[in-house]
Amino acid sequence: MNFDKALLDPASVFPTPDAVCDESNLTRSQKIEVLRRWEYDARELQVAAEENMTGDSSANPLSQVLAALRRLDAENDPDQSSPTKQK
């Protein structure tokens, strides 16, 4: 498992956000870091979908990522979220 690659593109390394939680070669902190990146990417995809810039918005894994973060008891970090049209 390539941690640096997982940080750049979590979906290219893990099939699901839950797989990050189950990865035994990562510390809890590393898992949270990877999932935060995945969350950021998913939020960006959500904004793009709202602007009709993507195809299938149902493929957005945001709810799965947030559930995985809850599994790790990760605190909600509003500074980690992506920019939105409202900001």
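**First stop: Glu39 and Arg36**

Select Glu39 and Arg36, which are three residues apart in helix H4 (residues 28–50) and therefore separated by about one helical turn. The model on display is predicted. Show the two side chains: Glu39 and Arg36 meet in a salt bridge, with a distance of 3.2 Å from N to O. In general, side chains of opposite charge can pair when their charged atoms come close. Is Glu39 buried or exposed? Glu39 has a relative accessible area of 3%, so it is buried, the limit being under 20%. Arg36 counts as buried too, at 10% relative accessibility.

**Second stop: Arg37 and Asp41**

How accessible are the two partners, Arg37 and Asp41? Arg37 counts as partly exposed at 34% relative accessibility, and Asp41 is partly exposed with a relative accessible area of 25%.

Salt bridges that share partners join Asp18, Asp22 and Arg71 into one network. The side chains of Arg71 and Asp22 meet in a salt bridge of 2.8 Å, N to O. Which parts of the chain does this pair tie together? Arg71 belongs to helix H5 (residues 62–71) and Asp22 to helix H3 (residues 17–22), so the pair links parts that are 49 residues apart in sequence. Arg71 is partly exposed, at 46% relative accessibility, whereas Asp22 is exposed, with a relative accessible area of 53%.

Which residues of H5 are buried? They are Leu62, Val65, Ala68 and Leu69. Turn the view so that you look down the axis of H5: the buried residues fall within an arc of 125 degrees, and therefore they line one face of the helix. On the other side of H5, select Ser63 and Arg70, which are exposed. Continue past the helix to Asp73, which follows H5 and has a positive phi, near 55 degrees.

**Fifth stop: the whole chain**

Clear the selection and display the complete protein chain. How many helices and strands does it have? The chain has five helices and zero strands, and its pattern along the sequence reads α-α-α-α-α. Of the 87 residues in the chain, 33% are buried. The chain exposes about 5600 Å², and carbon and sulfur atoms supply 45% of that area. Among contacts between residues at least 6 apart in sequence, 60% join residues at least 24 apart.

**Last stop: confidence**

Finally, colour the chain by pLDDT. The average over the chain is 83, and 74% of the residues score at least 70. Where is confidence lowest, and where is it highest? Confidence is lowest in H4, at a mean of 89, and highest in H3, at 97. Where pLDDT is low, the predicted coordinates should not be read in detail.

Definitions and conventions
Residues are numbered from 1 along each chain as its sequence is written. This is a predicted model: local features need pLDDT of at least 70, side-chain atom pairs count only at pLDDT 80 or more; totals for chains, interfaces and linings use all residues. Side-chain values use heavy atoms; hydrogens and water are left out. Helices (H or I, at least four residues) and strands (E, at least two) are DSSP runs, numbered from the N terminus. Buried means under 20% relative accessible area, exposed over 50%, partly exposed in between (1.4 Å probe, protein chains only). Contact means heavy atoms within 4.5 Å. Accessible areas come from the Shrake-Rupley method with a 1.4 Å probe; for residues, only the protein chains shown count as cover. A salt bridge is a side-chain nitrogen of Lys or Arg within 4 Å of a carboxyl oxygen of Asp or Glu. pLDDT is the predictor's confidence in each residue, from 0 to 100. The arc is that of the directions from the helix axis to the C-beta atoms.
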